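Take a look at the chain below before reading on.

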Amino acid sequence: GPRLHRLYGARDTWGDLRRAALRLRALLVRIARRHPGARVDLLAHSQGGVVARVLLEGLAQSWDPSFPRIEHLVTLATPHRGASLAELGADLDAILTGRWVVNGIAAWAQRGGPLPHPRSAAVRQLAPGSPLMTWLATEDVTYGTRVLSLASAGDAIVPAPRSVLAGAQNRVLPPRGWNAHAALV
């Protein structure tokens, strides 16, 4: 609820995903204090699913009395295998005319445009082969948490093959079209 955390805006999604996982951990600790023994389900869209995995795979202890038990993690359009679009900015930045495009997208993002800042920490971390994505690929979600990864058949932002998570139930759903990424929610 709004009393347990602060609302966030688009710029909050540009930061380091490990820091975002620490904020999620703090929220869950507050929930556990208010509701001792409560079990929690995490539902996460897109980058939020990566943040939840960073929490569960790296920051959560196997048993911590201050932390609630995470029963389920449901991710929607999460780039578990990295986001191809995340590496596009770096590729474009390598050529002069591409750098102009990236500068334009960056300026648009700064003014509140719908795309993330192409040079943000989060975009770098979501690129396939980044140190964060490589580390996540070697880890398992905390023992006992059941994971369901939902993808959209027509998602241009996170294509269904990028949403596959080893060890999870993986399902592809039918939303198609220009808004398939958000329509999955």
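Which residues of helix H6 (residues 131-138) are buried? They are Leu132, Met133 and Leu136. These residues cover an arc of only 95° around the axis, so they sit on the same side of H6. The arc is that of the directions from the helix axis to the C-beta atoms. On the other side of H6, Pro131, Ala137 and Thr138 are exposed. Buried means under 20% relative accessible area, exposed means over 50%, and partly exposed lies in between (1.4 Å probe, protein chains only).

A word on the basis. This is a predicted model, in which local features need pLDDT of at least 70 and side-chain atom pairs count only at pLDDT 80 or more, while totals for chains, interfaces and linings use all residues. Residues are numbered from 1 along each chain as its sequence is written, and side-chain values use heavy atoms, with hydrogens and water left out.

Now the whole chain. Its secondary structure comes to seven helices and four strands. Helices (H or I, at least four residues) and strands (E, at least two) are DSSP runs, numbered from the N terminus. In sequence order the pattern is α-β-α-β-α-α-α-α-β-β-α. The radius of gyration is 17 Å, close to the 16 Å that the globule rule gives for 185 residues, so the chain is as compact as a globular protein of that length. That radius is taken over C-alpha atoms, and the globule rule is 2.2 Å times the number of residues to the power 0.38. Along its principal axes, the C-alpha trace spans about 55 × 30 × 30 Å.

Buried residues make up 42% of the 185 residues. The protein chain exposes about 10600 Å², and carbon and sulfur atoms supply 59% of that area. Accessible areas come from the Shrake-Rupley method with a 1.4 Å probe; for residues, only the protein chains shown count as cover. Contacts tell of the fold too. Among contacts with a separation of 6 or more, 69% come from residues 24 or more positions apart. Contact means heavy atoms within 4.5 Å.

Gln125 lies in helix H5 (residues 121-126). Gln125 is buried, with a relative accessible area of 9%. Not counting residues up to four places away in sequence, Gln125 touches Gly15, Asp16, Leu17, Arg18, Ser130, Leu132 and Met133.

Next, strand E1 (residues 39-45), which holds Val40. Is Val40 buried or exposed? Val40 is buried, with a relative accessible area of 11%. Leaving aside neighbours within four places in sequence, Val40 is in contact with Leu28, Ile31, Pro68, Arg69, Ile70, Glu71 and His72. Val40 and Glu71 are 31 residues apart in sequence, and their C-alpha atoms are 5.8 Å apart in space.

Asp41 also lies in strand E1. Asp41 is partly exposed, with a relative accessible area of 48%. Asp41 touches Glu71 and His72, not counting residues up to four places away in sequence.

Helix H1 (residues 17-34) holds Ala26. Ala26 is partly exposed, with a relative accessible area of 32%. Ala26 and Phe67 are 41 residues apart along the chain, and their C-alpha atoms are separated by 9.1 Å.

Two loops deserve a look at the backbone. Most residues other than glycine have a negative phi. Ser46, in the loop between E1 and helix H2 (47-59), has a positive phi near 55°. Ser46 is buried, with a relative accessible area of 14%. Ala77 has a positive phi of about 55° although it is not a glycine. Ala77 sits in the loop between strand E2 (69-76) and helix H3 (84-93). Ala77 is buried, with a relative accessible area of 1%.

Asp93 lies in helix H3. Leaving aside neighbours within four places in sequence, Asp93 is in contact with Arg99, Val102 and Arg119. Asp93 and Pro161 are 68 residues apart in sequence and 26 Å apart in space, C-alpha to C-alpha.
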